[in-house]
Each structure stands twice: as C-alpha cells, then as structure tokens.
Amino acid sequence: MVLEEFKNSVLPVKNKLYRFALRFLGNEDEAKDVVQEVLIKAWDRREEIQGYHSIEAWCMRLTKNLSLNKLKSGHYSRTMMLEEEDRYDSAQDSPYTSTETHDVLTNIQRLLGRLPEKQRLVLELRDIEGYAYQEISDILGIDLNQVKVNLFRARQTLKKQLISIDAYGLTNNR
Amino acid sequence: MDLQTIDELLEKYWNAETTPEEEATLRQYFSEHEVPRHLQGVAQLFRQYQADQHFKKLDAAFDDKVLKEISSRKSRFDWQPFLRIAAVLTLFLMAALLLKQSLLPPPETEQVKVVQAEDTYTDPRLAYEQTKQALLLVSSLMNEGTQHIEELEKFSEAQETIKSEK
C-alpha cells in the first residue's frame, strides 16, 4: 500500500472511527488520540492488513480495543460524556432554533444514553454508520444473532419511549 | 412518498426488519419533509442520527498531523536498509556456523585416534612398559613442578617472617 492508497481508502474512515471511539470514551481529545493511533498502526501494518476482507472493520475493531484499554487505564471518567453533550447542543444551527427542538434532541440523546451499552452500540453502528449486520458482528465480536436481538430490543425501547414523549406532549400536542 | 408507506416502513424498522435501503428511505423522508404530529418524535430520532454524522467529524488539521507522522515513519521504516542489515546479519550467522562446524570436529577425531592408539599394541607386556614409562615421565615432571613450588613456599615463608617482625 502506498501513501496515496492509504489517503484514499483508509484515511476517509476517520470520522466513523472517531464517532466510535467517542461512544466509548465520551471525550473528544481522547477519541482523537485513539483514531490517530489506529491510523498509524494501520499504516505500520499496511502489508499485513492489505489482504484483509475489510480494512475498515479491522480499524473499527482496533478502535474499540484501544478505547476500552484507555477506559481500563482509568485516568479519566465517562462523566466527560455530559460535558461533550452540552457542547454539542450549543453547536446546533442558531439560537433561533426552537427550544422545543432543542429539548427533544437532548431527550433523544438521553434515550440513547439510557440503552444498555451493547444495544446502543449495535443501534448506532447500524443507524448512524449504516453497517450491515455481518459487519457489526465482526466489529463488536458478537455473533449475528446477538446483533439482530440487540438491534430489535434497542428499537423497541426507543419506539416505546418516543411514543410516550409524544403522549406527554414533549414534542407537540396531538 | 405517501404516509401509509412510511408508517409501514416504520413498523418494519421498529421490528428490525428493514433493509439498509429502506432505512435510507426513512432517513431521507424525515430529513426532507414536514412530518405529521404523530411522527414528530420519530423524525427527531432520525434527525439526531444525521446530526451525529454531520457534527462529529475530524478536520483537515487532523489529516495533516497523521500524514506527517506517517511520512516520518515511512523514511524511518524504509525497507532497503533493513534488508541490508538483515543480509549482513545472515552472512555473519552463516560464517559463525561454518566456523563452529570446522572447529568442532577436531576433538571428535582426536578421540578416535586415542581409540586407535590402544589398538596398536598387541603385546600386553609392551603396552604395560610403555604406560609405565609414560606415567614415570608424568611423575618426574610433576616432581619438577613441586620443586618450584617449594621455592615459592620459601618466598612466602620469608614474607610471613617479615610480616611478623613488623
């Protein structure tokens, strides 16, 4: 693999890796460090990984492992997640965006945050990153059935919660 | 796209039965349309997914940093000098092995010679005389050696005397 190939086929995965790392770590700088480490490892081992079925899945797995290692080393906590959410909320389009929309966005982030971790990861890999079931199974190292079951449960929970938000009139009264 | 299709797709979505294409249809629908009130909550969910994709990104400065690091590693891990070192090491190793092989056999052949030497004496008496002579020679050499040691002892005795007189 030459540098040009790396730029075209590996580097563009960075945002997916970044969001994935962010899901574990909840801290932008730490997530950025992990992605950088993953990309450099991918370059160092380019001869080896070139033959792999999916370099992207390899990078995602490495991102997961390095993020978990960072969490285990435990020099920071996931409370950073909340700070990050606040910053993210304030990054919304304009102050004129209705507070109504703002509230619901926060509510949805909370709903997602309340899901059991495996369900949340499967859901996000599917619905935000658009991965196929098999790819999710490869990335998370769980079997295909587990992927389907966790996705089903996550979506069912969201369905119930979103309907109850609606019923309490948090979005709009019917 | 009519609302009934969307409702049907949504039901499939909740049951995790949608294909990626159908999910893309839903995403597109919710990003482009004003939705009826009963779908407001769901629309927010899909918009949240898209917002996540849109806002959580790494910038070009990150690319530069990674590419810079990579190009510095590229020169550091250039294969050619690595191969050259490997070749030299292999040569050294082979030379060492050859030397070891050419040095090791002699002791073995010497042992064989000893065995052959025993065989050259057919007459036991002759063999006995020869052995006696050899042993006598060793003994005389040893005696000569001890004489020297005795001289050395005198020297150390002298040393002791000097020490005790002090």
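**Exercise 1. A pair within chain A**

Classify A:R45 as buried, partly exposed or exposed, and find which residue A:E48 meets in a salt bridge.

*Solution.*
Step 1. A:R45 has a relative accessibility of 34% and counts as partly exposed. Buried means under 20% relative accessible area, exposed over 50%, and partly exposed in between (1.4 Å probe, protein chains only).
Step 2. A:E48, with a relative accessible area of 39%, is partly exposed as well.
Step 3. A:E48 meets A:R45 in a salt bridge, 2.9 Å from N to O. The term salt bridge stands for a side-chain nitrogen of Lys or Arg within 4 Å of a carboxyl oxygen of Asp or Glu.

**Conventions**

This is a predicted model, in which local features need pLDDT of at least 70 and side-chain atom pairs count only at pLDDT 80 or more, while totals for chains, interfaces and linings use all residues. Residues are numbered from 1 along each chain as its sequence is written, chains are lettered from A and ligands numbered from 1 in the order in which they are written, and side-chain values use heavy atoms, with hydrogens and water left out.

**Exercise 2. The interface**

How many residues does each chain give to the contact, and what area is buried between chain B and chain A?

*Solution.*
Step 1. Chain B gives 36 residues and chain A gives 45 residues to the contact (heavy atoms within 4.5 Å).
Step 2. About 4100 Å² is buried between chain B and chain A, and carbon and sulfur atoms give 61% of this area. Buried area is the accessible area (1.4 Å probe) that two parts lose on being put together, summed over both.
Step 3. Of the area that chain B buries against chain A, 17% comes from B:W14, B:K56 and B:L58, more than from any other three residues.

**Exercise 3. Salt bridges between the chains**

Which residues of chain A form salt bridges with B:D63 and B:E23?

*Solution.*
Step 1. Across the interface of chain B and chain A there are four salt bridges, and over all chains the structure holds 17.
Step 2. B:D63 pairs with A:K14, the closest N and O atoms being 2.8 Å apart. This pair runs from helix 4 of chain B to helix 2 (residues 14-25) of chain A; helices (H or I, at least four residues) are DSSP runs, numbered from the N terminus. Both B:D63 and A:K14 are buried.
Step 3. B:E23 meets A:R126 at 2.9 Å, N to O.
Step 4. B:E23 also meets A:R155, at 3.2 Å, N to O. Here the pair crosses from helix 2 of chain B to helix 10 (residues 144-167) of chain A. B:E23 is buried at 2% relative accessible area, and A:R155 is buried at 0%.

**Exercise 4. The nonpolar core**

How many residues does the largest nonpolar core have, and which residues does B:L10 contact beyond its neighbours within four places in sequence?

*Solution.*
Step 1. A nonpolar core is a set of buried Ala, Val, Leu, Ile, Met, Phe, Trp, Tyr and Cys residues joined through side-chain atoms within 4.5 Å.
Step 2. The largest one has 69 residues; among those with the most contacts inside it are A:L39, A:L123, B:L10 and B:F30. Helix 3 (residues 28-44) of chain A supplies the largest share of this core, eight residues.
Step 3. Apart from those neighbours in sequence, B:L10 is in contact with B:L26, B:F30, B:L39, B:V42 and B:F46.

Terms used: Helix = DSSP H or I, 4+ residues; strand = E, 2+ residues; numbered from the N terminus.
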